[in-house]
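Here's a quick tour for anyone meeting this structure for the first time. Take a look at the sequence and the model, then read on.

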Amino acid sequence: MLRGKHKPTFAPHRDEGDFVVVINASKVRLTGNKLSAKVWYRHSGYPGGLKAIGYEKLMAERADVAVEKAIRGMLPHNRLGRAMARKLKVYKGPTHPHEAQKPQPLAVNKSAGMGANQANQDKE
């Protein structure tokens, strides 16, 4: 939705995507061992300024940052991707200040994160 691939006028070099509001970021689950093994790094730019935060702590305290970082990683890594990322709003809980814009809910496939076998078992 951010890139605009759902539109007939999509071109990879243009920003034609929509604004996206993600709510309930604190309910996102990581698969496998990622919650305990994955680490978020950031650097202040100064010598010795590397900070490392485990995803277990990050998801507990700042789940919206973790979701935003995951989505930014899927966008192009250039000025076009930065422009698209400005149209992304992520919130930890169900409330957000964009009700006046009347956002439309997007149907998300709940079995997308599961394996094919697990999704088929859920249907039976």
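## Reading the labels

Helices and strands here are DSSP runs, numbered from the N terminus: a helix needs at least four residues and a strand at least two. With that in mind, M1 sits in the segment before β1, the strand spanning 20-22. Keep in mind that this is a predicted model.

## The overall layout

How many helices and strands does the protein chain have? There are five helices and four strands. If you walk along the sequence, they come in the pattern β-α-β-β-α-α-α-β-α.

The protein chain has 124 residues, and 22% of them are buried.

Let's start with the nonpolar one. M1 teams up with L106 and V108 in a nonpolar patch on the surface, and together they have about 320 Å² of accessible area. M1 itself counts as partly exposed, because its relative accessibility is 42%, and partly exposed covers the range between under 20% (buried) and over 50% (exposed).

The other patch is about charge. Which residues gather in a patch of positive charge on the surface? They are R42, K51, R62 and K92. You'll find K92 in the loop between β4 (88-90) and α5 (116-123). With a relative accessible area of 34%, K92 is partly exposed too.

## A lysine tucked away

Now for K87, which lies in the loop between α4 (79-85) and β4. Is K87 buried or exposed? Its relative accessible area is 11%, so K87 counts as buried. Leaving aside residues up to four places away in sequence, K87 touches L2, D15, G17, D18, F19 and V20.

## What covers helix α3

Helix α3 runs over residues 63-72, and its buried residues are A63, V65, A66, V67 and I71. Where does their cover come from? Among the elements covering these buried residues are the strands β1, β2 (39-43) and β4, along with helix α2 (55-61).

Methods:
Residues numbered from 1 in each chain as written. Predicted model: local features only at pLDDT ≥ 70, side-chain atom pairs only at ≥ 80, totals over all residues. Heavy atoms only, no water. Patch = residues over 30% accessible without salt bridge, like charges linked within 9 Å, V, L, I, M, F, W, Y side chains within 5 Å. Areas by Shrake-Rupley, 256 points an atom, 1.4 Å probe, with all protein chains shown as cover. Salt bridge = Lys/Arg side-chain N within 4 Å of Asp/Glu carboxyl O. Lys, Arg positive; Asp, Glu negative; His and termini not counted. Charge placed at Lys NZ, Arg CZ, Asp CG, Glu CD. Buried < 20%, exposed > 50% of the residue type's maximum accessible area, 1.4 Å probe, protein only. Contact = heavy atoms within 4.5 Å.
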